[in-house]
Amino acid sequence: MTDLPTRDPYEEKPTRREMAARLVSTGVAAAAVGGGALFFHDRRHLEAAAPEIPDWRVPRSDAAPRGAAARGADPAANVRRAVAALGGMEAFVKKGESVLIKPNAGWDRLPEQAANTDPKVVAELVRLCKRAGAKRVVVADLSVNDPVRSMTRSGLLEAARSAGAEVLYGKSLKLVPASLAGSSAGLEVIDLLFSCQRVINVPIVKHHGLSRATVGMKNWMGVLGRGRNRLHQGIDRAVAELGATFRPTLTVVDATRVLLSNGPQGGSLSDVKLVNAVAAGTDPVLCEAWGVTQMGLDPSSLGFITEAEKRGLGRRDLSLMRDLGTA
Amino acid sequence: MGALARTETARYDRDSLYEAIDGAADGYLARGFVSAVMATYTYAGAAEISAELHRFGSEAGAGEQSAGERPSAARSVPGFEGAESDGTVLLAVRGRDYLKLTSLTPGPEAEGRLVALAQAAFQEKTR
């Protein structure tokens with residue numbers, strides 16, 4: 001820790017994002033003087049080469065509940081109750097299907113530090129999918145910190161494997177180009193998004209330095225490879241774009257422990273609040289809204305929720321979340 | 001300071017900070033972040049501490065970043081000016097440098113190790 005870099009700290013060096021912003025400005029200026037045709041022609045060509053992200057939702061009747069939330073000291077029981085209130089996992093996963101479960105496993109942190117999805121929540125989802133007849137259940141995430149350390153210390157590796165899932169992370173994940181609406185070309189996603197018929201998003205509720213909170217929509221950052229940092233520009237719009245792009249079969253929000261500050265990585269136990277709740281839903285905006293209320297935030301105060309609702313991705317009306325009470 | 005081993009030191013600059021701390025990087029960049037070195041120290045019983053030493057363009061930037069990341073239960077560390085800890089995280093500022101230590105295995109011995117590591121880091125740095 002003694003060998004600090006020697007470069008003059010006052011030397012101006014633009015960041016990659018500052019450079020990107022300059023390039024965008026240059027591109028806009030070029031389009032304005034007649035270069036637009038070529039610019040957009042190239043963009044169409046690039047997007048055509050990359051497959052679109054599938055829609056993993058299952059048809060539901062208008063009368064079906066959009067979400068249900070359960071409280072209690074046992075995270076697995078909360079998962080079972082919440083999913084059962086939506087019709088059970090059998091309503092979402094059919095025999096022989098492959099299921100991707102996407103937790104937040106981004107950080108080299110213990111479950112008590114509330115930076116990653118609780119392993120008991122993920123393990124119970126694996127068991128429910130297996131019981132519903134899934135032939136393959138994969139738990140995967142592209143971690144921010146070292147992937148082996150993140151998957152191990154979070155408890156997710158052992159819990160998910162013990163429950164019968166394959167766990168893929170780091171170099172075991174294959175990245176492929178993909179077309180993401182509203183984003184520039186060059187983004188990559190994990191190939192499991194194309195090989196699994198069903199996808200369950202399982203975020204943890206936590207503070208985020210940029211967006212104030214992160215729940216489900218921002219959790220999709222963990223399926224993106226190269227270029228994902230660009231999405232931190234205009235964070236509210238970018239999070240809503242992710243919500244529009246990735247349409248999961250189910251969102252299961254882990255509020256067993258909630259990180260109230262210093263997110264997304266956290267670390268301090270004094271920043272963590274024990275909430276002991278889990279919600280499951282088919283409406284990602286409702287799940288988002290329920291999640292942030294577990295942090296004591298008003299959903300209407302968060303730009304990415306407002307933006308997502310405006311785009312018709314769901315509703316933040318908390319009366320639509322069925323409260324199952326405490327077990 | 002009692003550590004048995006240390007991982008290789010990773011270095012980050014304004015371009016690469018996202019690779020280490022993802023979305024939290026924006027706050028650092030806004031406060032004049034220049035560069036950082038990071039490593040993980042291992043202790044007896046497989047206890048570990050993550051160490052981050054961030055250099056900012058100004059003392060004010062380093063101080064603001066530390067204040068912004070102060071854990072809710074942090075208190076001053078006796079005999080260690082400018083350092084605060086809640087037992088799992090220790091933050092300290094020296095000039096333009098901001099030191100952030102996080103216990104990856106919280107427990108009764110964690111705070112003593114955090115303080116010892118912080119003192120050693122700043123002592124070595126000023127040598």
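Q: What share of the 327 residues in chain A is buried?
A: Buried residues make up 52% of the 327 residues in chain A. A residue is buried if 20 or more other C-beta atoms lie within 10 Å of its own, exposed if 12 or fewer, and partly exposed in between, with C-beta atoms placed from the backbone.

Q: What kind of model is this, and how is it numbered?
A: This is a predicted model, in which local features need pLDDT of at least 70 and side-chain atom pairs count only at pLDDT 80 or more, while totals for chains, interfaces and linings use all residues. Residues are numbered from 1 along each chain as its sequence is written, and chains are lettered from A and ligands numbered from 1 in the order in which they are written.

Q: What pLDDT does chain A average?
A: The average is 86, and 83% of the residues score at least 70; pLDDT is the predictor's confidence in each residue, from 0 to 100. Over residues 1-48 of chain A the pLDDT is below 50, and this stretch has 36 contacts in the model beyond near neighbours in sequence. Two residues are in contact if their C-beta atoms, placed from the backbone, lie within 7 Å. Where pLDDT is low, the predicted coordinates should not be read in detail.

Q: How many helices and strands does chain A have?
A: Chain A has nine helices and 12 strands. Helices (H or I, at least four residues) and strands (E, at least two) are DSSP runs, numbered from the N terminus.

Q: Which residues of helix H5 are buried?
A: In helix H5 (residues 156-163) of chain A, they are A:Leu156, A:Leu157, A:Ala159, A:Ala160 and A:Ala163.

Q: And what do they pack against?
A: They pack against strand E2 (98-103), helix H3 (119-131), strand E3 (136-141), helix H4 (147-153) and strand E4 (166-169) of chain A. Just after H5(A), A:Gly164 takes a positive phi of about 110 degrees.

Q: Which residues have a positive phi although they are not glycine?
A: A:Ala114 has one of about 55 degrees, and A:Asn276 has one of about 60 degrees. A:Ala114 lies in the loop between E2 and H3 of chain A, whereas A:Asn276 lies in strand E11.

Q: Are those two buried or partly exposed?
A: A:Ala114 counts as buried because it has 31 C-beta neighbours inside 10 Å. A:Asn276 is partly exposed, with 17 other C-beta atoms within 10 Å.

Q: Changing topic, at what angle do H7 and H9 cross?
A: The axes of helix H7 (residues 235-245) and helix H9 (residues 303-310) of chain A come within 8 Å and cross at roughly 45 degrees. The contact is made by A:Ile235, A:Asp236, A:Arg237, A:Val239, A:Ala240 and A:Gly243 of H7(A) and by A:Gly303, A:Phe304, A:Glu307 and A:Ala308 of H9(A).

Q: Where is A:Gly216, and what does it touch?
A: A:Gly216 is found in the loop between strand E9 (212-214) and H7 of chain A. Not counting residues up to four places away in sequence, A:Gly216 touches A:Asn201, A:Pro203, A:Thr251, A:Val253, A:Pro284, A:Cys287 and A:Glu288. A:Gly216 counts as buried because it has 29 C-beta neighbours inside 10 Å.

Q: Which peptide bond is cis, with omega near 10 degrees?
A: The peptide bond from A:Gly263 to A:Pro264 is cis. A:Pro264 is placed in the loop between strand E10 (250-259) and strand E11 (272-281) of chain A.

Definitions and conventions:
Axes fitted to C-alpha atoms, helices over the stretch in contact; angles between N-to-C directions.
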